[in-house]
Amino acid sequence: MRILIVEDEAKLADALSRGLTAKGYAVDIIDDGEKALTRVSIHHDDYDAVILDLMLPSLDGLAVCRSLRERDIVTPVLVLTARAETETKVELLLSGADDYLVKPFSFEELLARIQSLLRRPHASVPLVLKSGSIELNPVEHTVRLAGQPVELTLKEFNLLEYFLRRPNEVVNREDLLAHLWDFNYESFSNVIDVHVKNLRRKLGAGDRADALETVRGIGYRLRA
Ligand code: CA
């Protein structure tokens, strides 16, 4: 899952980024409204959610959100606001924001709101993702293989979740990079292949030993 933080208070943006990264999200930060609008307009498929501050240089959060919705971009948006007036809340929801948080807020609350936003598009997906003897629980952040717990790194967990949400689909490396790594990542390295190899090794027991196929020249496919 990849999240864009649009926030011009560097300290807050860094703190949120660190917290979300520790929870396994890929995070990018932009500190300006116009730049954020441009980036999301072009790369909205890369982001699973946007955390959008209201008071921003060049273009405020309301205008950013309204412009995104006018362009039929439906990426979930959580607005951060320092104001608490009712009028603003109504304005926010009319602008197409999915939710808002009034500053100051706790990281736990932000995380809960983000997890709730990310769940909405997958409302019909069962709580536990399964493929053969593999079971992944996105809320508890646990993986079991034939009922036995498997220890995965955050990246391995995110990769597996991504594959499990797309059974039998060919997933190309660019999509994996876009969704699971932030833009500081060097895309020419073979980091994905290394993580997939490790994931295979950890899942390489029982009926799912060869479930994660390499699709030559493109990427990978998880056979359901
Ligand atoms: Ca601000």
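This note walks through the main features of a predicted model, point by point.

1. Overall make-up. The protein chain holds eight helices and twelve strands. Of its 224 residues, 47% are buried. Take the contacts between residues at least 6 apart in sequence: 61% of them join residues at least 24 apart.

2. Asp8 and Asp53 link distant parts of the chain, being 45 residues apart. Asp8 sits in the loop between strand E1 (2–6) and H1, while Asp53 belongs to strand E3 (residues 49–53).

3. Helices H1 and H5. How do these two helices cross? The axes of H1 (residues 10–22) and H5 (residues 107–119) come within 11 Å, and the crossing angle is roughly 60°. H1 is therefore oblique to H5. The crossing is right-handed. On the H1 side, the contact uses Leu16, Gly19 and Leu20. On the H5 side, it uses Phe107, Leu110 and Leu111. By type, the contact residues are five nonpolar, one polar and no charged. In general, an α-helix has 3.6 residues a turn, so residues three or four places apart point the same way.

4. Helices H2 and H3. The axes of H2 (residues 33–43) and H3 come within 9 Å and cross at roughly 20°. H2 is therefore roughly parallel to H3, because angles under 35 degrees count as such. This crossing is right-handed. Gly33, Leu37, Val40 and Ser41 of H2 meet Val64, Ser67 and Leu68 of H3. The residues of this contact divide into four nonpolar, three polar and no charged.

5. Helix H6. How much of H6 (residues 154–164) is covered? Nine of its eleven residues are buried, so the helix is mostly covered, given that buried means under 20% relative accessible area. The buried residues include Phe157, Leu159, Leu160, Tyr162, Phe163 and Leu164. Glu156, Asn158 and Glu161 are also among them.

6. Thr81. This residue is found in strand E4 (residues 77–81). Thr81 is buried, with a relative accessible area of 1%. Which residues does Thr81 touch, leaving out those up to four places away in sequence? They are Leu54, Leu92, Tyr100, Leu101, Val102 and Lys103.

7. Asp28. This aspartate lies in strand E2 (residues 26–30). Asp28 is buried, with a relative accessible area of 1%. Its C-alpha atom is separated by 9.3 Å from that of Trp181. Along the chain, Asp28 and Trp181 are 153 residues apart.

8. A cis peptide bond. Where is it? The bond runs from Lys103 to Pro104, with omega near -5°. Pro104 lies in the loop between strand E5 (99–102) and H5. For background, most peptide bonds are trans.

9. Positive phi values. Most residues other than glycine have a negative phi. Ser58 has a positive phi of about 75°, although it is not a glycine. Ser58 is placed in the loop between E3 and helix H3 (61–70). Asp72 also has a positive phi, near 60°, and is a residue other than glycine. Asp72 lies in the loop between H3 and E4. With a relative accessible area of 66%, Asp72 is exposed.

Notes
Residues numbered from 1 in each chain as written. Predicted model: local features only at pLDDT ≥ 70, side-chain atom pairs only at ≥ 80, totals over all residues. Heavy atoms only, no water. Axes fitted to C-alpha atoms, helices over the stretch in contact; angles between N-to-C directions. Helix = DSSP H or I, 4+ residues; strand = E, 2+ residues; numbered from the N terminus. Parallel < 35°, antiparallel > 145°, perpendicular 65-115°, else oblique. Left-handed = near helix turned anticlockwise from the far one by under 90°. Contact = heavy atoms within 4.5 Å. Nonpolar A, V, L, I, M, F, W, Y, C, P; charged D, E, K, R; others polar. Buried < 20%, exposed > 50% of the residue type's maximum accessible area, 1.4 Å probe, protein only.
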